[in-house]
Number of protein chains: 2
Amino acid sequence: MRLPKLSKLEMQIMEVLWTAGPSAIREIQESFGPKNRPAYTTVQTMVYRLEAKKALRRAKKIGNAHIFEAVISRDAAKARLVDEFLSIFGGRMQPVMAQLIEAGNLTSKDVADAEKLLKDLAAKRKKDA
Amino acid sequence: MRLPKLSKLEMQIMEVLWTAGPSAIREIQESFGPKNRPAYTTVQTMVYRLEAKKALRRAKKIGNAHIFEAVISRDAAKARLVDEFLSIFGGRMQPVMAQLIEAGNLTSKDVADAEKLLKDLAAKRKKDA
DNA sequence: TAGGATTTCCGACGTATGTAGTAGGATGTG
DNA sequence: CACATCCTACTACATACGTCGGAAATCCTA
C-alpha cells in the first residue's frame, strides 16, 4: 500500500505534521481549534491507525511521549485524493471543471492563476528536457 | 438531510438513474460492466439505502419489480461532492488547481475550456440581470 | 395451473472511520 | 518518596459501506 487512502480527519492530522513538523499527540490535538477539537484519545487512535497505514512513524521519544513524523508527502497524499475524486467523475476533468464553474467555486482569477502555472510548468519542462 | 453524502458506489447507481432514467434493480445492476459487476443483492442494498437517504424513490411497479427514479439532481449531488473535496483542501480552489496541474490532471485545453465556460457564464449572468 | 424464474425483504458480516473511556506505567514536583 | 499528571496501549462501540445469502412472495409461461 504505497499510497494509503486517508480520510478527512486523517488528512487533518497529517496536515499538522506537514506544516508543524514532527509532533506529539498532544500538540496535534491542540492544533485543532478549541471548538471542534476531538478528544485526546481520538487523535491518538487516528495517529495509531495512520501509523499502521505507514503514513507516519514514531520519530523519537521525549520524556515518555512519542514524537510522530509524516512518512508520506503532502503532494502524494493530495494526488491520491484528487485521483479518488476524479474517479467519481469518470476520470475526466472537463465535467469537473464545468461543475466547479457552474457552482461558482472557480473564479476567473483561479483560471488565470492556473493558466500561469501551466505556462511556468511548460517552460520548466522544456528547460529540463 | 437535504443533500445526503453519497459514496462512490452510490454515485454510480445514481448515475444510471440520471442517464438512463427510472430503472429497476436488474437494469441498474446490468449497467455495470460484466467485469466488476456487484451481485444483484448488493445493488439492491445500495438502492434501499439510497432510498432511505431520499436520494431516490420508488416511481412505480412493473410486474413485481419496482422502478426507481432519482430524487436529487446530478448537479446537486456533484456540488455536494465538490464541497466535500474542497473542504479537505481548506476550501480554497487555488491549492487544488495547483495540485491538479502539478499532477498533470489538468491540461491547457481544460483550462481553455474553463475560460470559455466562464466567459459564457458571465455573459449569461449579465443578460439575466 | 404447476413449476421455474424473478423480485423483494431481511439479516449478516468484515472493514473503515470517528469517538472515547480505562488501566497502568512514566514523569516531574513538593 | 508520595502524588498529581501525562502518556501509552487497549478495548469498545456506533455508523457507513460494500458484499452477499436465504426465504418468501410474485410473475410468467408451458
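Which element gives the most to the surface near DNA strand C?

1. The element is α3(A), which gives four residues to that surface. This is a predicted model, in which local features need pLDDT of at least 70 and side-chain atom pairs count only at pLDDT 80 or more, while totals for chains, interfaces and linings use all residues. Residues are numbered from 1 along each chain as its sequence is written, and chains are lettered from A and ligands numbered from 1 in the order in which they are written.

2. Around DNA strand C there are 22 residues, and those that come nearest are Ser7(A), Leu9(A), Ala39(A), Thr41(A) and Asn64(A) (a residue is near a strand if its C-beta atom, placed from the backbone, lies within 6 Å of it). Two or more residues each come from α1 (8-20) and α3 of chain A, and from α2 (25-30), α3 and β3 (65-70) of chain B; helices (H or I, at least four residues) and strands (E, at least two) are DSSP runs, numbered from the N terminus.

3. DNA strand D is also surrounded by 22 residues, of which the closest are Ser7(B), Leu9(B), Ala39(B), Gly63(B) and Asn64(B). Here α3(B) gives the most, with four residues.

4. Chain A has 30 residues in contact with 30 residues of chain B, where contact requires that the C-beta atoms, placed from the backbone, lie within 7 Å. On the side of chain A that touches chain B, two or more residues each come from α1, α4 (74-88), α5 (93-102) and α6 (108-128) of chain A, and the largest share, nine residues, comes from α6(A).

Key
Contact = placed C-beta atoms within 7 Å.
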